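Reader: I have a sequence and a structure to look at, and I would like to know how to read them. Could we go through them one point at a time?

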Amino acid sequence: CLLIIDFGSQVTQLIARRLREQNVYCEIHPYQNVTDAMLADLTPKAVILSGGPDSVTRGGSPRAPDSLWTMGIPVLGICYGQQTMMQQLGGLVEGGKISGGGGTAEFGRAKVTSAGTLDLLDGWFSDGPEQVWMSHGDHVSKIAPGFEVYGTSPNAPFAIIADASRHYYGVQFHPEVHHTPRGAKLYENFVRLAGFKGGWTMDAYRDIAIAKIREQVGDKQVICGLSGGVDSSVTAALLHEAIGDQLTCVFVDHGLLRLNEADDVVAMFRDNMNLKVIYADEKELFLGALEGQSDPETKRKIIGGLFIDVFQKYANEIEGAEFLAQGTLYPDVIESVSFSGGPSVTIKSHHNVGGLPEKMGLKLVEPLRELFKDEVRALGRELGLPASFIGRHPFPGPGLAIRCPGEITREKLDILRQADAVYIDQIRKHGLYDEIWQAFVAILPVRTVGVMGDGRTYDFACALRAVTSVDGMTADYYPFSHDFLGETATRIINEVAGINRVTYDITSKPPGTIEWE
Ligand code: XMP
């Protein structure tokens with residue numbers, strides 16, 4: 001396999017994803033677990049050292065095990081990975097100033113210029129400098145013996161370095177992210193020169209996932225939280241295929257769903273897919289507990305906690321139920337990873353990961369934990385799910401709660417549902433639904449003054465959000481035409497009582513997140 005040593009970058013899994021796109025099998029292990037003994041046992045064919053938030057200039061900072069450098073296998077170091085490689089092999093790394101003139105820290109787009117020919121760079125620099133995504137405070141200031149420079153950027157004289165004879169490569173930027181448009185090519189080159197043939201497919205993934213589920217579950221009963229989104233639909237379909245009617249789905253109506261969603265989803269799964277589905281009407285429980293709460297993390301934790309309680313309640317009624325299946329995806333895991341002691345920083349507590357109590361009465365089945373949304377869609381197609389399921393925009397577990405910044409009230413939720421329905425209707429009518437990764441309305445915790453007819457209004461403002469994305473990790477706002485925006489604003493204000501002002505959110509991710517909370 002190809003081993004990725006994770007030093008805690010927010011985007012480590014994107015490396016794995018780039019490798020899966022090349023049909024290469026890889027494993028990610030946190031640096032703490034990668035010991036000399038572990039390396040000897042795993043015998044990887046190549047290693048990638050990820051980025052990470054630490055500084056190699058700090059004593060005791062994470063490193064690759066020393067035995068890695070005696071194994072004679074290709075190694076690619078990215079950002080922090082490049083820096084630790086340099087430090088361990090005899091180069092020098094210095095801290096850069098983050099602000100103020102003359103600093104060498106770099107965050108954002110940069111251009112790298114070629115400084116030599118290298119097998120890793122096949123297909124690069126054919127049209128001049130390459131755009132890359134930088135995100136670093138420290139930088140390499142002296143390269144280790146045997147290394148040479150193959151690419152430079154204004155702030156990173158050692159943007160690409162290599163010891164070609166040993167197949168050691170280091171890049172200061174992140175080739176795995178979308179903002180390095182030709183980054184995938186570097187991974188393609190790396191796996192090729194490391195001798196991988198690329199026989200790993202989604203079909204293989206599906207068979208392995210089914211075998212794993214059967215092994216984990218045995219003859220026990222499983223309950224699965226169904227939301228009607230792509231993730232839980234694929235999870236349910238996969239489990240159904242693996243264990244048939246040992247699966248019971250529970251659809252929790254937490255009162256934070258979109259218009260008509262509960263009816264649509266339950267009908268769809270019972271009728272179309274022939275699954276056992278329990279409809280759990282828990283609107284009062286959730287909305288009651290959220291009353292008066294305005295802090296985003298508190299809201300997320302309340303919802304996450306109640307979800308587990310509700311599942312347990314229903315699980316208790318299903319004889320032999322020992323497992324809870326969830327459609328947790330990799331972006332949910334990575335952004336919550338500090339809960340499980342991993343090295344990266346918490347951005348949000350995703351309800352399906354962060355809210356889990358230590359002593360849950362149910363064991364977890366999370367067959368999508370390593371996948372990104374589009375890979376889940378590919379798996380869904382592999383499982384024969386209808387295109388209408390697979391094409392749905394993602395909808396977060398905490399639902400409308402995180403699209404209603406500040407305190408949630410039933411009044412605001414009703415207004416939000418109406419506005420959201422009009423907005424999505426507009427997007428569908430204009431044929432834009434499939435071009436957009438996710439679109440929704442957020443109702444703002446502010447009333448503004450307006451004039452309608454001859455009267456004064458004092459109603460809520462809302463924000464429209466629409467983004468394009470490949471995996472939810474990074475996103476750009478969608479460039480609607482002014483005509484579309486104007487028409488949609490008019491429709492929302494005319495058709496939805498309680499809203500008198502419509503804004504469009506033009507923040508990309510980063511620095512924003514897709515959801516408002
Ligand atoms: P953010 O807002 O973090 O969202 O940029 C990235 C993607 O994840 C979805 N999301 C969630 N999904 N439980 C989920 O199942 C959650 O708690 C959650 N929070 C955000 C979000 O809709 C977007 O697709």
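**Binding-site and active-site positions**

Author: With 21 C-beta neighbours inside 10 Å, G229 counts as buried. The model is a predicted one.

Reader: In which loop does G229 lie?

Author: UniProt, in an unreviewed entry, lists G229 under "binding site", along with positions including S227 and D231. In the model, G229 belongs to the loop between β12 and α6.

Reader: Which residues is G229 in contact with, leaving aside its neighbours within four places in sequence?

Author: Neighbours within four places in sequence are left aside here. What remains for G229 is R392, P394 and F395.

Reader: Is S227 buried or exposed?

Author: S227 is found in the loop between β12 (221-226) and α6 (230-243). A residue needs 20 or more other C-beta atoms within 10 Å to count as buried. S227 has 23 of them, so S227 is buried.

Reader: Which residues does UniProt list for "active site", and what is the largest C-alpha distance?

Author: The unreviewed UniProt entry gives C79, H174 and E176 as "active site". They are spread over 98 residues of sequence but cluster in space, the largest C-alpha distance being 11.3 Å.

Reader: Why does C79 count as buried?

Author: C79 is found in the loop between β4 (75-78) and α3 (80-89). Not counting residues up to four places away in sequence, C79 touches G51, S135, H136, Q172 and H174. C79 is buried because the number of other C-beta atoms within 10 Å is 26.

Reader: Which residues does E176 touch, not counting those up to four places away in sequence?

Author: E176 sits in the loop between β11 (168-171) and α4 (183-193). E176 is buried, with 26 other C-beta atoms within 10 Å. Not counting residues up to four places away in sequence, E176 touches V11, L14, I15, R18 and G183.

Reader: How far does helix α9 reach from its first C-alpha to its last?

Author: Helix α9 covers residues 296-317, which is 22 residues. Its buried residues include I303, L306 and F307.

Terms used:
Residues numbered from 1 in each chain as written. Predicted model: local features only at pLDDT ≥ 70, side-chain atom pairs only at ≥ 80, totals over all residues. Helix = DSSP H or I, 4+ residues; strand = E, 2+ residues; numbered from the N terminus. Expected span 1.5 Å × (residues − 1). Buried ≥ 20, exposed ≤ 12 C-beta atoms within 10 Å, placed from the backbone. UniProt positions renumbered as here; feature names shortened; annotations may be inferred. Contact = placed C-beta atoms within 7 Å.
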